[in-house]
Each structure stands twice: as C-alpha cells, then as structure tokens.
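Here is a short report on one protein chain. Keep the structure open while reading.

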Amino acid sequence: MLTYVGKGYTSGFVENYDRVADRLNAGEEDIELVDGPDDICEGLLCESHAHCFNEGVVKRDETARVSVSVLLGETLAAGQRLQATPDFLAKMRLAFAAGDIRQACRGCQWNRLCDRIAASGFAGVKIGEQPEPQAGLRPRPTPAHASRFSRQP
Ligand code: SF4
C-alpha cells in the first residue's frame, strides 16, 4: 500500500486496487487488519493463479504484522483498525525507506520496484502523499540474500 503506483499482477487487480486507494484517499474508511485475503486481493481471487492462500503469503503477512507492531509499539492483530492519516502514512513511508519495516519484502517479486519507489521519495504513489524527504536519510534496499516469503504489493 505504501508503494502502490498503479502497478500489479493483472488489470483487474489494478482496477480494484485503484478503488481501494480512492476510498482511503477520500478518508471514508480506516485500514482494517484481517487474517487472509483482504479488499486489495479481491481483484486477484478470481484468477486461476491467485496465490492469496499460499503458506508463503501467510508467513509474509505475519512478518509484516510483527514489523509494523514493533514500529508502532503495539501488538497489532486482526480486527484492529488503523487510520490512514497523512501523518501515519508519512511515518510508515519513512520507516519503509529506512528499511525498518521491510522484513516481509525479502524474496518478493516486487522488491526492485518498491526499492525504486522508496528511492524516488515515493513519487507517483496513489495512496496519500509523498513524505517530505529527511536530511541524511537514504532509502535502503532489502538484502539480496534473505529468507523467502511471498505476498502482494
Ligand atoms: S512485500 Fe513486496 S510488494 Fe509489498 S512492499 Fe514489500 S516488496 Fe513491495
């Protein structure tokens, strides 16, 4: 979500993700944490190659949950809601660019794209605004050789 620029697995996935982005940008809804596929996955679930229920996806979600829990200083769980405020998104993007919440990105097929987006200062993101660059902070790519998980943008 932090690096969504309108690219994804299929045109249906992107169209659905655009609708989710519009809802969040309109400030109509919070982000609800769920177990398993979420609203973003909807555009892919009808595809024969949908990977949303794979074990690797579950591991990636769990890794992301732990990373963000550490950042926010609270244990996040399914059912919890987060407000996608500009401050919240800016905090998340700064942590993302610093590599602090990228453990789940290891082995992800979108890793290079997300590296580039973070390095660009999140140019072109479709959810929220680009954060102000901080002096001395350089985006760190995820390690090339790390344990493998799998999940979506
Ligand atoms: S898990 Fe993949 S798509 Fe999601 S932010 Fe990390 S590299 Fe990007």
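The report below goes from confidence and overall layout to single helices and residues.

## Confidence

This is a predicted model. The mean pLDDT of the protein chain is 86. Of its residues, 83% reach 70 or more.

Among the elements, helix α5 has the highest mean pLDDT, 97. Helix α2, residues 42-45, has the lowest, at 82. Over residues 143-153, pLDDT stays under 50. For that stretch the model has 31 contacts beyond four places in sequence.

## Overall layout

The protein chain holds five helices and two strands. Read from the N terminus, the order is α-β-α-α-β-α-α. Of the 153 residues, 24% count as buried.

Consider the contacts between residues at least 6 apart in sequence. Of these, 75% join residues at least 24 apart.

## The nonpolar core

In soluble globular proteins, nonpolar side chains tend to be buried together. The largest nonpolar core in this model has 23 residues. Phe96, Ile117, Ala118 and Val125 have the most contacts inside it. The elements that give two or more residues to this core are α1 (11-25), α4 and α5. Helix α4 gives the most, with five residues.

## Helix α3

After the helix comes Gly73, with a positive phi near 75°.

Arg60 counts as buried because 22 other C-beta atoms lie within 10 Å, and the cut-off is 20 or more. Cys105 is 45 residues from Arg60 in sequence, yet their C-alpha atoms are 7.8 Å apart. Ser67 is also found in α3. With 19 other C-beta atoms within 10 Å, Ser67 is partly exposed. The C-alpha atoms of Ser67 and Asp100 are 7.6 Å apart, across 33 residues of sequence. Leaving aside neighbours within four places, Ser67 is in contact with Ile101, Gln103 and Ala104.

## Helices α4 and α5

Helix α4 covers residues 86-97. Its twelve residues should span 16 Å at 1.5 Å a residue, and the end C-alpha atoms are 16 Å apart, which agrees. The buried residues are Leu89, Met92, Arg93, Leu94, Phe96 and Ala97. They pack against α5. Just after α4, Gly99 takes a positive phi of about 85°.

Helix α5 covers residues 111-119. Which of its residues are buried? They are Cys114, Ile117 and Ala118. Their arc around the axis is only 100°, which puts them on the same side of α5. What covers these buried residues includes α4. Gly121 follows α5 and has a positive phi, near 80°.

Phe122 lies in the segment after α5. Its phi is near 65°, a positive value in a residue other than glycine.

Phe53 is in the loop between α2 and α3. Phe53 counts as exposed because it has 11 other C-beta atoms within 10 Å, and the limit is 12 or fewer. Pro37 is 16 residues from Phe53 in sequence. Their C-alpha atoms are 7.4 Å apart in space.

Methods: Residues are numbered from 1 along each chain as its sequence is written. Helices (H or I, at least four residues) and strands (E, at least two) are DSSP runs, numbered from the N terminus. The arc is that of the directions from the helix axis to the C-beta atoms. Two residues are in contact if their C-beta atoms, placed from the backbone, lie within 7 Å. A nonpolar core is a set of buried Ala, Val, Leu, Ile, Met, Phe, Trp, Tyr and Cys residues joined through C-beta atoms within 7 Å. pLDDT is the predictor's confidence in each residue, from 0 to 100. The expected span of a helix is 1.5 Å times one less than its number of residues.
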